[in-house]
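I opened the notebook today to look up a few spots in this structure, one at a time. Here is what I wrote down as I went.

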Amino acid sequence: MNAETRFLTQSDQEPAAPVVSVVVPVHDEGPNLTPLIEAISAALGGIAHEIVYVDDGSTDDTQKILAGLAAKLPTLVRVRHRKACGQSGAVITGVKTARGRYVATLDGDGQNDPADIPAMLEAMRAAEAEAAGPVLIAGHRVHRQDSQAKRWGSKIANRVRAYLLQDATPDTGCGLKLFRRQAFLELPHFDHIHRFLPALFIRAGGRVVSVPVRHHARAHGASHYNNWQRLKVGIVDLFGVAWLQRRWKVPQIETLE
């Protein structure tokens, strides 16, 4: 077995643990559950993995559908918030629950394509072999399947955020990301952290590698956010993250002889 195969099939520290945990936060996404879980299983069929679904206080049939799927799919792990905490809270819960060395996050609406995860794992392998330090592999939705208003809103937000935070990432809003579980757990945690992971990884002395990923139109349901809602929370969070950047310097450690 060569090094590349080992990277994809076993854990360094826990042989029984999956290589990658796919964390999916959901709130009232009942119709999108089965097709996305089937797509994740198909995409990662040759890689040791688990699928961690965090039900963030759903009031539809999400809990019932996940229970039925978990009875048939041993790789599916379910966690539920009694009350909705938001997407970042669900991501944090999912990462804490995950057992994989790496974590891939996906939006639960089916717009991200899990078939991109193997390529992201390869990008991670190459980045980690190149230099030490935490790495975030960030999806870049080159051809977004969203409304024109949503695309324009994201474009403006990305330009403002990139100017203020210098996070070297063209698409921080993409839910498809990959990172080491331990690296994420060492970051400061707050609501809406999922929108600022590139800046936080750089703040921690890490690097961000953006890779092109596919993006699909939403098949069922509607988005839980609009541009105005994103703007209201985004401005406060943007200045908060900028403050965090100013209040930390990455130590440059010298090797002592």
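Predicted model: local features only at pLDDT ≥ 70, side-chain atom pairs only at ≥ 80, totals over all residues.

**Entry 1: strand E1.** Seven of the seven residues of E1 are buried, so the strand is largely enclosed by the rest of the structure.

**Entry 2: the partners of E1.** Which strands pair with E1? I found E2, running parallel to E1 and joined to it by seven bridges. One pair I noted is Val 26 with its bridge partner Asp 55 in E2. E4 also pairs with E1 in the parallel sense, over four bridges. There I noted Val 22, whose bridge partner in E4 is Ala 104. I also followed the path from E1 through H2 to E2, and these elements make a right-handed β-α-β unit.

**Entry 3: the nonpolar cores.** Next I looked up the largest nonpolar core, which has 32 residues. The members that touch the most other members are Val 20, Val 24, Ile 40, Tyr 53, Ile 117, Ile 137 and Leu 178. The elements giving two or more residues to this core are E1, H2, E2, helix H3 (62–72), E4, H5, strand E5 (135–141) and strand E7 (207–213). H5 gives the most, with six residues.

Leaving aside neighbours within four places in sequence, Leu 178 is in contact with Val 20, with Tyr 102, Val 103 and Ala 104, with Met 120, Leu 121 and Met 124, and with Val 135, Leu 136 and Ile 137. I also found a second, separate core of 22 residues, which includes Val 79, Phe 179, Ala 183 and Phe 201.

**Entry 4: helix H4.** Which residues of H4 (residues 87–97) are buried? I listed Ser 88, Ala 90, Val 91, Ile 92, Gly 94 and Val 95. The buried residues of H4 pack against E1, E2, strand E3 (76–81), E4, strand E6 (177–180) and helix H7 (181–185).

**Entry 5: Thr 105.** I found Thr 105 in strand E4 (residues 102–105). Why does Thr 105 count as buried? Its relative accessible area is 7%, and the cut-off for buried is under 20%. What does its side chain reach? It reaches the backbone oxygen of Gly 175 at 2.8 Å. Not counting residues up to four places away in sequence, Thr 105 touches Val 23, Val 91, Gly 175, Leu 176, Lys 177 and Phe 179.

**Entry 6: Gln 111.** I moved on to the loop between E4 and helix H5 (117–130), where Gln 111 lies. Gln 111 counts as buried, at 5% relative accessibility. Its side chain is joined to the side chain of His 215 by a polar contact of 3.5 Å.

**Entry 7: Asp 237.** My last stop was helix H9 (residues 227–246), which holds Asp 237. Is Asp 237 buried or exposed? Asp 237 is buried, with a relative accessible area of 14%. Not counting residues up to four places away in sequence, Asp 237 touches Asp 191, His 192 and Phe 196. I also looked up how Asp 237 sits relative to Phe 190: they are 47 residues apart in sequence and 9.3 Å apart in space, C-alpha to C-alpha.

Technical notes:
Residues numbered from 1 in each chain as written. Heavy atoms only, no water. Buried < 20%, exposed > 50% of the residue type's maximum accessible area, 1.4 Å probe, protein only. Polar contact = N/O pair within 3.5 Å; in protein donor to acceptor, adjacent residues only side chain to side chain. Contact = heavy atoms within 4.5 Å. Core = buried A, V, L, I, M, F, W, Y, C linked by side-chain atoms within 4.5 Å. Pairing = 2+ DSSP bridges. Right-handed = clockwise from strand over helix to strand, strands pointing away.
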